[in-house]
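I opened my notebook to record what I looked up in this structure, entry by entry.

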Amino acid sequence: KIKPDFQIRFPEQKMDYVYHVPVQVRNLINEAIKDFNAGHDDAALDLLLKSLEIKETSISNRIAGDILMRKNNRNALVYFLRAYPDFQKDINFLSDLGNLYLRYGVKDKAREMLNEMQRLDPGNEKISQLKEKIRSAM
């Protein structure tokens, strides 16, 4: 029999990522992540750049972009853009990319990142932070 008050329950959406790291660069990336988490940015960046010479991976591009962003290096944007296809649903990534666009005067792209963040997670606190930065940059 069919229950007239039955409602389908869908599981809550989670934004978890599984990284598939090619075997050729796995050790380099794992060491780089350890260095990055320990605050040894220069050592981590060296390992990530070596890994990218061997095999292009989104995770290496993302972390290299994070390091370069902390160093105020304009090349951070290049690495973020390379990582974008695999991180385009990550609010933290979009927020960082939006901030990078703002830092280098590309306000329309920063607004695009803001719109994407609003679409993905309308209540996220990073949205108001980026919105305020865009507003003050005008």
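Predicted model: local features only at pLDDT ≥ 70, side-chain atom pairs only at ≥ 80, totals over all residues.

**Entry 1**

Residues are numbered from 1 along each chain as its sequence is written, and side-chain values use heavy atoms, with hydrogens and water left out.

**Entry 2: the whole chain**

I counted seven helices and zero strands in the protein, where helices (H or I, at least four residues) and strands (E, at least two) are DSSP runs, numbered from the N terminus. Read along the sequence, the pattern is α-α-α-α-α-α-α. Of the 138 residues, 39% count as buried, and I noted the cut-offs: buried is under 20% relative accessible area, exposed is over 50%, and partly exposed lies in between (1.4 Å probe, protein chains only). Among the contacts (heavy atoms within 4.5 Å) with a separation of 6 or more, 50% join residues 24 or more positions apart.

Which residues of H2 are buried? I found Asp41, Ala44, Leu45, Leu47, Leu48, Ser51 and Leu52. They cover an arc of only 165° around the axis, which puts them on the same side of H2; the arc is that of the directions from the helix axis to the C-beta atoms. The face of H2 turned away from the buried side carries the exposed residues Glu53 and Ile54, while the cover over the buried residues includes H1, H3 and H4.

I also looked up Asp41 of H2, which counts as buried at 16% relative accessibility. Leaving aside neighbours within four places in sequence, Asp41 is in contact with Phe36, Ile67, Arg70 and Lys71.

In helix H1 I picked out Ile33, which counts as partly exposed at 27% relative accessibility. The C-alpha atoms of Ile33 and Leu45 are separated by 9.5 Å, and these residues are twelve apart along the chain.

I turned to Asp66 in helix H3, which is buried with a relative accessible area of 14%. Beyond the neighbours within four places in sequence, Asp66 is in contact with Phe36, Phe80 and Asp96.

The axes of H3 and H4 come within 8 Å and cross at roughly 145°; here axes are lines fitted to C-alpha atoms, for helices over the stretch in contact, and angles run from 0 to 180 degrees between N-to-C directions. The residues that make the contact include Ala64, Gly65 and Leu68 of H3 and Tyr79, Phe80 and Ala83 of H4.

In the loop between H3 and H4 I found Asn72, which is exposed, with a relative accessible area of 54%. Asn72 has a positive phi of about 55° although it is not a glycine. I set beside this that most residues other than glycine have a negative phi.

**Entry 3: helix H7**

Last, I asked what the buried residues of H7 pack against. The buried residues are Ile127, Leu130 and Ile134, and they cover an arc of only 75° around the axis, which puts them on the same side of H7. They pack against H5 and H6, whereas the face of H7 turned away from the buried side carries the exposed residues Glu125, Arg135 and Ser136.
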